[in-house]
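Please keep the sequence and the 3D view open while reading.

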Amino acid sequence: MKFSERIRMFMKGRYGADELYNFLFIVYFLLMILNTFLKSNIVRVLELIILVVMFYRFFSKKIYVRSAENQKFKRLKNSLIKPFKNLKRKFKDKEHVYKKCQKCKTILKLPLPRKRGFNKAVCPHCKSKVRLFTLKKEKIEIVKASKVK
Ligand SMILES: [Zn+2]
């Protein structure tokens, strides 16, 4: 049997790389660079732990468990990034107002108010009314749809 075939056989039914794996790899890499200056034993142990976790997950046959871990990691990552994403959007886009629908939590992109006064817009996602200032006649866009309907 060829070597490449043997590797393929070995990897059959094993989990392999995912987003969490890539993240750990980056962390490992950064720690490695950091430690060329620090030369700390604690960091070295940390590196080793990360490496063991990476390999363990990569070669694991419990695909469902590993995939659940990855989902958990992605959820955590998204919840950490989310506030920054909204901030970035606010700074970049001066032409629109971003508002969260109170009912279905969808983030809506609304045209800027033309003049003062309250008005109602309809959330395109859940069809409930969103209270806001008077708007130009532009289409309301969904930025991030919620899963609830
Ligand atoms: Zn809604």
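From the N terminus on, the elements of the chain follow the order α-α-α-α-β-β-β-β-β, which comes to 4 helices and 5 strands. Helices (H or I, at least four residues) and strands (E, at least two) are DSSP runs, numbered from the N terminus. The model is a predicted one, in which local features need pLDDT of at least 70 and side-chain atom pairs count only at pLDDT 80 or more, while totals for chains, interfaces and linings use all residues. Residues are numbered from 1 along each chain as its sequence is written, and side-chain values use heavy atoms, with hydrogens and water left out.

**The chain as a whole**

The chain has 149 residues, and 26% of them are buried, where buried means under 20% relative accessible area, exposed means over 50%, and partly exposed lies in between (1.4 Å probe, protein chains only). The accessible surface of the chain is about 11,900 Å², and carbon and sulfur atoms hold 64% of this area; such areas come from the Shrake-Rupley method with a 1.4 Å probe, and for residues only the protein chains shown count as cover. Among the contacts with a separation of 6 or more, 46% are between residues 24 or more positions apart, a contact being heavy atoms within 4.5 Å.

**A hairpin and its buried strand**

Strand E1 (residues 96-100) runs antiparallel to E2, and 5 bridges join the two; strands are said to pair if DSSP finds at least two bridges between them. Tyr98 has Lys109 in E2 as its bridge partner. Between the strands of this hairpin lie 6 residues, and Lys105 takes a positive phi near 65°.

Why is strand E2 largely enclosed by the rest of the structure? The reason is that 5 of the 5 residues of E2 (residues 107-111) are buried. In a regular strand the side chains alternate between the two faces of the sheet. In E2, Ile107, Lys109 and Pro111 point one way and Leu108 and Leu110 the other way, and all of these residues are buried.

The whole structure holds 5 salt bridges, each being a side-chain nitrogen of Lys or Arg within 4 Å of a carboxyl oxygen of Asp or Glu. The table lists some of them.

| Pair | N to O distance |
|---|---|
| Asp18 and Arg57 | 3.0 Å |
| Glu19 and Lys74 | 3.8 Å |
| Lys77 and Glu19 | 2.6 Å |

Glu19 in helix H2 and Lys74 in helix H4 (residues 63-92) are 55 residues apart, while Lys77 in helix H4 and Glu19 are 58 residues apart. Glu19 is partly exposed at 29% relative accessible area, Lys74 is partly exposed at 26%, and Lys77 is partly exposed at 30%.
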